[in-house]
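Thanks for making the time this morning. I would like to walk you through one structure, so please have the sequence and the model open as I speak.

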Amino acid sequence: MPTPPVLPLPEDLRVFLTVIRKSGFAAAADELGQSPAYVSKRIRVLETTLGTRLLHRTSRRLALTDDGERTRRWALRILEDFQQLGEELSEAWARPRGTLHLCSSFGFGRNHVAPALSRLAERYPELEIRLELFDRAVDLVGEGFDLEIRVGADIPPQHIGRCLLHNRRVLCAAPDYLARRGTPQALEELERHDCLVIKERDNAFGIWALERDGQAHSVRVRGPLSSNHGEVALQWALDGRGILLRSLWDVAPLLREGRLVRLLPEYTQPADVWALYPSRLEHSGKLRACVEFLEAHFREVQGGMVVGGTVAGS
């Protein structure tokens, strides 16, 4: 296999063009803020790399060889291309553009991610945003997604993540249900109640894993109604059909209005909102802009959600 050619360094081309423009090594060194020895060395390296003489040196003047003239023309084009590349990349960071392919879960995606992306599209009109909603685990790389917005603590180790929002799930039920069936006073009493179970992703069905004072607790629950869609279960709870474990983000207004009542408030389930992506943010201006926008958006919305004097999700 032939050895690939050694390419000249952009810095050597820049020094070369400066020498031509200033008609001398000393004047070029002065403009570049370097020593004449440095300038001489860079010219020698460039000539060695290209395998040709670029300059005729005399005691009075410098003159370009034929190859030197060809190199001058190419150097101008190459350095201009480098400058345009830098400007284009800088503009890409300041003005994100192109396609951004995202996914999220049904409920959170429709109620929270979609409105946020509407604002993102207004902020960056050159972005083409595609949002897909699922109730299953997603292979970001294999399915071609740039970003997943996920609720919960099951973060795949192969992906990079940023927590966008601290949030928790809480137990709640409608006043009608509690009037009919009673209010549970201990976690184990949930086993005797109708619980509205949501099957999401690969989570164990019918087992609610909760925390109390930093300690893990679990309870097996059942009921006549279950679904893979959180909004369906939430409507059933409002209809008085059972006890629900649902994100505080979703039920905060209903708790304020008294349409739902929070139960066993010492028990909660971690449900932070995460942005997951397969590559680092510094590798993509549009991805970084999106994640930072969503982080600020959710923080702003969370600040306005107050339940019983505490911020939702805190």
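This is a predicted model: local features need pLDDT of at least 70, side-chain atom pairs count only at pLDDT 80 or more; totals for chains, interfaces and linings use all residues.

Let me start with helix H1, residues 10-22, and helix H2, residues 25-32, which pack with their axes 8 Å apart and at an angle of about 120°. That angle makes H1 oblique to H2, and the crossing in which H1 passes H2 is right-handed. If you want to find the contact on your screen, look on the H1 side for Arg14, Val15, Thr18, Val19, Arg21 and Lys22, which meet Phe25, Ala27, Ala28, Glu31 and Leu32 of H2. Sorted by class, the residues of this contact are six nonpolar, one polar and four charged.

H1 also has a contact with helix H3, residues 36-50, where the two axes come within 9 Å and cross at roughly 115°. Here H1 passes H3 in a left-handed crossing, and the H1 residues that take part are Glu11, Asp12, Leu13, Val15, Phe16 and Val19, while H3 contributes Tyr38, Val39, Arg42, Ile43, Val45 and Leu46. The contact of H1 with H3 has nine nonpolar and three charged residues, with no polar ones.

In what order do the strands of the open sheet run? There are five of them, in the order S4-S3-S5-S15-S6, and the pairing is mixed. Strand S4, at 127-134, and strand S6, at 160-165, stand at the edges with a single partner strand each, so one side of each is left without a neighbour in the sheet. From one strand to the next, the twist averages 25°.

Within this sheet, strand S3, residues 98-105, pairs with strand S5, residues 147-151, in the parallel sense over three bridges, and Leu102 stands opposite Leu147 in S5. Helix H9, residues 285-303, packs on the sheet and touches S3, S4, S5, S6 and strand S15, at 273-277, with a direction that makes about 25° with that of S6.

H9 has a helix partner as well, namely H5, and the axes of H5 and H9 come within 10 Å and cross at roughly 120°. The two helices are therefore oblique to each other, and H5 passes H9 in a right-handed crossing. From H5, the residues Phe108, His112, Ala116, Leu117, Arg119, Leu120 and Arg123 meet Cys290, Phe293, Leu294, His297, Phe298 and Glu300 in H9. The classes in the contact of H5 with H9 are eight nonpolar, two polar and three charged residues.

In one of them, the rings of Phe108 and Trp249 have their centres 6.0 Å apart and their planes at 40°, so the pair is tilted. This pair links distant parts of the chain, with Phe108 in helix H5, residues 106-123, and Trp249 in helix H8, residues 248-257, 141 residues apart.

Strand S9, residues 207-212, and strand S10, residues 215-220, pair in the antiparallel sense over six bridges, and Trp208 stands opposite Val219 in S10. Which residue in the turn has a positive phi? With two residues between S9 and S10, it is Asp213 in the turn that has a positive phi, of about 55°.

Terms used: Residues are numbered from 1 along each chain as its sequence is written. Side-chain values use heavy atoms; hydrogens and water are left out. Axes are lines fitted to C-alpha atoms, for helices over the stretch in contact, and angles run from 0 to 180 degrees between N-to-C directions. Helices (H or I, at least four residues) and strands (E, at least two) are DSSP runs, numbered from the N terminus. Angles under 35 degrees count as roughly parallel, over 145 as roughly antiparallel, 65 to 115 as roughly perpendicular and the rest as oblique. A crossing is left-handed if the near helix is turned anticlockwise from the far one by less than a right angle, and right-handed if clockwise. Contact means heavy atoms within 4.5 Å. Ala, Val, Leu, Ile, Met, Phe, Trp, Tyr, Cys and Pro count as nonpolar, Asp, Glu, Lys and Arg as charged, and the others, Gly among them, as polar. Two strands pair if DSSP finds at least two bridges between them. Rings of Phe, Tyr and Trp (its six-membered ring) pair if their centres lie within 6.5 Å; planes under 30 degrees apart count as stacked, over 60 as edge-to-face and the rest as tilted.
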